[in-house]
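The points are grouped by topic.

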Amino acid sequence: MNTILRKSILGIAGLAFTGGVFAGPIAAHADTPAHAAKPVTAATVQGEQSSISLNDEQTANVKAIIAATKKAGLPERAAVISIATSLQESKLENLGHLGDRNDHDSLGLFQQRPSSGWGTPEQITDPEYSTLAFLKGLKQVDGWQDMPLTDAAQTVQVSAYPDAYAQWEKQATDLVAQHWTK
């Protein structure tokens, strides 16, 4: 009888613990507004990081991505994801047609394809348009604000190299921190 009572008490305690573990983060997260501004940090950076030196054109494209993000009314995190994506796709260069070296008909900062419905070649090679198109896709990703950068970018881009975006998170975060308020 004592063994049955002890097992029952331990079972109830286990359920209470398990319920607390699973309900705790959910309950804590529920109090946070869905679109609360989150500070731009690279604390969730995944894997080894890459970095490149930027020329004037690339810096202008960073500023254009940030301006488009602000125009779309999105937070700094969206700019970080956009810049990291562009670093991976084009090294922040507004790529035109690359001939035989081109991946299908990919163009612009995000290597968007006219044949996939991203817009005309002229639109896709406009940094504001291409950023707004990317951000439109990002906004359709449920929970993008809280997911790893590489997952958010991959969901929009559908790349053959889904983990490649992560390597640019620190540089993208630094660029947003440097240019967001300018």
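**Overall fold**

Read from the N terminus, the elements of the protein chain follow the order α-α-α-α-α-α-α. The model is a predicted one. Its secondary structure amounts to seven helices and zero strands.

- The protein chain has 182 residues, and 34% of them are buried.
- Taking contacts in the protein chain between residues at least 6 apart in sequence, 61% join residues at least 24 apart.

**Helix 2 against helix 5**

- Helix 2 spans residues 56-71 and helix 5 spans residues 127-139; their axes come within 9 Å and cross at roughly 50 degrees.
- That angle makes helix 2 oblique to helix 5, because angles from 65 to 115 degrees count as roughly perpendicular and those under 35 degrees as roughly parallel.
- The crossing of helix 2 with helix 5 is right-handed.
- On the helix 2 side, the contact is made by Asn61, Ala64, Ile65, Ala68, Thr69 and Lys71.
- On the helix 5 side, the contact is made by Pro127, Glu128, Thr131, Leu132 and Leu135.
- By residue class, this contact of helix 2 with helix 5 divides into six nonpolar, three polar and two charged residues.

- Thr131 belongs to helix 5.
- Is Thr131 buried or exposed? Its relative accessibility is 0%, so Thr131 counts as buried, the limit for buried being under 20%.
- Apart from neighbours within four places in sequence, Thr131 is in contact with Ile65, Ala68, Thr69 and Phe110.

**Helix 2 against helix 3**

- Helix 2 also packs with helix 3, at an angle of about 145 degrees and with the axes 9 Å apart.
- This crossing of helix 2 and helix 3 is right-handed.
- Which residues meet here? Val62, Ile65, Ile66 and Thr69 of helix 2 meet Ala78, Ala79, Ser82, Ile83 and Ser86 of helix 3.
- The residues of this contact of helix 2 with helix 3 comprise six nonpolar, three polar and no charged.

**Helix 6 and its cover**

- Helix 6, residues 149-157, is mostly covered, with seven of its nine residues buried.
- The buried residues of helix 6 are Leu149, Thr150, Ala152, Ala153, Gln154, Val156 and Gln157.
- The cover over these buried residues includes helix 3 (76-90), helix 5 and helix 7 (169-179).
- Just after helix 6, Val158 has a positive phi of about 50 degrees.

**Residues with positive phi**

- Most residues other than glycine have a negative phi.
- Leu92 is not a glycine, yet its phi is positive at about 65 degrees.
- Leu92 sits in the loop between helix 3 and helix 4, and at 0% relative accessibility Leu92 counts as buried.
- Val158 is not a glycine either, and its phi is positive at about 50 degrees.
- Val158 is in the loop between helix 6 and helix 7.
- Is Val158 buried or exposed? Val158 counts as exposed because its relative accessibility is 63%, and the limit for exposed is over 50%.

**Positions apart in sequence**

- Asp105 is placed in the loop between helix 3 and helix 4 (121-124).
- Asp105 and Pro121 are separated by 16 residues in sequence and by 8.9 Å in space, C-alpha to C-alpha.
- Leaving out neighbours within four places in sequence, Asp105 is in contact with Gln112, Arg113, Pro114 and Ser115.
- Thr173 is located in helix 7, and its relative accessible area of 5% makes Thr173 buried.
- How many residues apart in sequence are Thr173 and Ile81? They are 92 residues apart in sequence, while their C-alpha to C-alpha distance in space is 8.6 Å.

Definitions and conventions
Residues are numbered from 1 along each chain as its sequence is written. This is a predicted model: local features need pLDDT of at least 70, side-chain atom pairs count only at pLDDT 80 or more; totals for chains, interfaces and linings use all residues. Side-chain values use heavy atoms; hydrogens and water are left out. Axes are lines fitted to C-alpha atoms, for helices over the stretch in contact, and angles run from 0 to 180 degrees between N-to-C directions. Helices (H or I, at least four residues) and strands (E, at least two) are DSSP runs, numbered from the N terminus. Angles under 35 degrees count as roughly parallel, over 145 as roughly antiparallel, 65 to 115 as roughly perpendicular and the rest as oblique. A crossing is left-handed if the near helix is turned anticlockwise from the far one by less than a right angle, and right-handed if clockwise. Contact means heavy atoms within 4.5 Å. Ala, Val, Leu, Ile, Met, Phe, Trp, Tyr, Cys and Pro count as nonpolar, Asp, Glu, Lys and Arg as charged, and the others, Gly among them, as polar. Buried means under 20% relative accessible area, exposed over 50%, partly exposed in between (1.4 Å probe, protein chains only).
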